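Please look through the sequence and the structure shown below before reading on. The notes that follow take up the ligand, a sheet and a pair of helices in turn.

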Amino acid sequence: MKKVAIIGGGFSGTMAAVNLARLSSGPLCIQLINDKYPLGRGVAYGTRREEHLLNVAARNMSAVPDHANHFLDWLRTRVDYSDLPDPQLRETYVPRRIYGDYLRSILATYMQPIDSHHPAEIQVIEQEAIDIEFNFEGTAEISLKDGSTIEADRVLLATGNQPPCPLAEDAFTHHGYCAEPWTNWMEKIPGPAENIIVMGTGLSMIDVFLTLSEQDWQGHLIAISHNGMIPQAHFRGIEYPDFLPEEPENLGLEHLVQLLEKHCRQLQRIGENPGIVVDRLRPHTQKIWQKFELAEKQEFLKRYAARWNVIRHRIAQPIHQRVTEAITEGRLSVVRGRITGLEADGDRVCVNVLNRAGDSQQVSGGLVINCTGPKSGFSDTSVPLFQNLLQRGLIRPDELDMGIDVGADFATIDAEGNPSEFLFAIGPLMKGTLWETTAVPELRGQAMRVAQLLLDDADLVSPGHDYRISVEEEHVIEYYI
Ligand SMILES: Cc1cc2nc3c(=O)[nH]c(=O)nc-3n(C[C@H](O)[C@H](O)[C@H](O)COP(=O)(O)OP(=O)(O)OC[C@H]3O[C@@H](n4cnc5c(N)ncnc54)[C@H](O)[C@@H]3O)c2cc1C
């Protein structure tokens, strides 16, 4: 029996496993290797907190690209959502833990043992994969942290983002410092006379803010980031004429920016949200990115990426309102500047910040939480699996060093520039290759397409299930926003 091993059991790995199981026509063993974060849920949907909401409306959170209402239909099976009118259900921002339940329930459906109705089997291995070796026939031997090994014919990397960015003080430890926002920092919450400092002003900062509000914590929260921008709110779109040329991917950065700026101004003039232009671009973003020259990609990252992210990764309107109120009332302050270091000061942690004018400032608090997001450079990764794969020459960093180099059809590219026949990758690891490869609307298509390709390769395509999504179709399916 053929064996496919998937390393990483968050959304991407779980849904790749599910798609392999549901589309396979013959015997297949799928080994889902996952560690650290909860199976199926991963980092994003592993939270147990009710106040941590999805940042995408329920209508666009189906886990499968060939069933647009799959998540909505599943929500209807829950008593809390069964009676909501359809328009309201579609626009709901559901707690992320419920989305995690959804993913686990899909996985559970495909975990049954092999029988005449289910030729494929998913086995879960709760271990960290630390290395992969391929023999001459292409069979992989995956080494696990406990010293055991697993054999597979094909391996899919679905390991998500790199761990959070370590600061210069890599080894900084203090009972008031939390290096990752998803660990349990609740027991460290100081009294209201002390500040809490969040390093970062993105979506994880919003999670911290919401949790502190739910705890009715009355102290002062300070969020620090280079650009000082907080996520924008979702808004109701309007009818707006198509403004992109026939092949927007050929625009190049300069013309693209000119076009976007023109339409942003136009939208501002009529009192509408300029974020509409980013939404309109979304079905084409990956292609545009891939057509950019390296210098254009670098320029985009330097000049526009921060603004892009703020507009693109929005939050539900009521949450945005709560954040804005907290800023107005002085319960939340946003400090703009570069974090240059951390220092212990008794029970407190001091964060050193350099502002744009070059002046240093020190902000101190009883708890400091690092929400600066995943580490951006890949070549000096701290992850043993990737250190080993780089050393073996089985993978190489992409040209921007944001993730790994991945070719067409998800094949990883080795150190000599050759696409692998055995090792594949999906998800945030492809950031440098695709730019937009973070959220469910992108990942569900990848999880299905890679499963189809692996099944094709193993001659296991089910005749009754010859559904294929082409890249063009996928855009239509995925971006029904
Ligand atoms: C806080 C947060 C909220 C988000 N909210 C939304 C949202 O509302 N809507 C949306 O569309 N997107 C959202 N996202 C984006 C999110 O990244 C994706 O939706 C998706 O969850 C990514 O899944 P993944 O499987 O690629 O990565 P992950 O969720 O990171 O899963 C990877 C898994 O692989 C495991 N792993 C890694 N390396 C190894 C190894 N060597 N051995 C074994 N296991 C390993 C990890 O421990 C983890 O369990 C959010 C992201 C975050 C961080």
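**Briefing on the predicted model**

The side chain of Tyr45 has an N or O atom that is 2.7 Å from an oxygen atom of the ligand, a polar contact being a pair of N or O atoms within 3.5 Å. The model is predicted, so local features need pLDDT of at least 70 and side-chain atom pairs count only at pLDDT 80 or more, while totals for chains, interfaces and linings use all residues. Residues are numbered from 1 along each chain as its sequence is written, and side-chain values use heavy atoms, with hydrogens and water left out.

**Ligand**
- Ser12 also has a side-chain N or O atom 2.7 Å from an oxygen atom of the ligand, whereas for Phe11 a polar backbone atom is 3.0 Å from a ligand oxygen.

**Sheet**
- Strand 4 is joined by five bridges to strand 5 (residues 140–144), and Ala129 stands opposite Leu144 of strand 5.

**Helices**
- Helices are DSSP runs of H or I with at least four residues, and contact means heavy atoms within 4.5 Å.
- The axes (lines fitted to C-alpha atoms over the stretch in contact, with angles from 0 to 180 degrees between N-to-C directions) of helix 9 (residues 294–303) and helix 10 (residues 305–312) come within 4 Å and cross at roughly 65°.
- The contact involves Phe300, Leu301 and Arg303 of helix 9 with Ala305, Arg307 and Trp308 of helix 10.

Methods: Helix = DSSP H or I, 4+ residues; strand = E, 2+ residues; numbered from the N terminus. Pairing = 2+ DSSP bridges. Polar contact = N/O pair within 3.5 Å; in protein donor to acceptor, adjacent residues only side chain to side chain.
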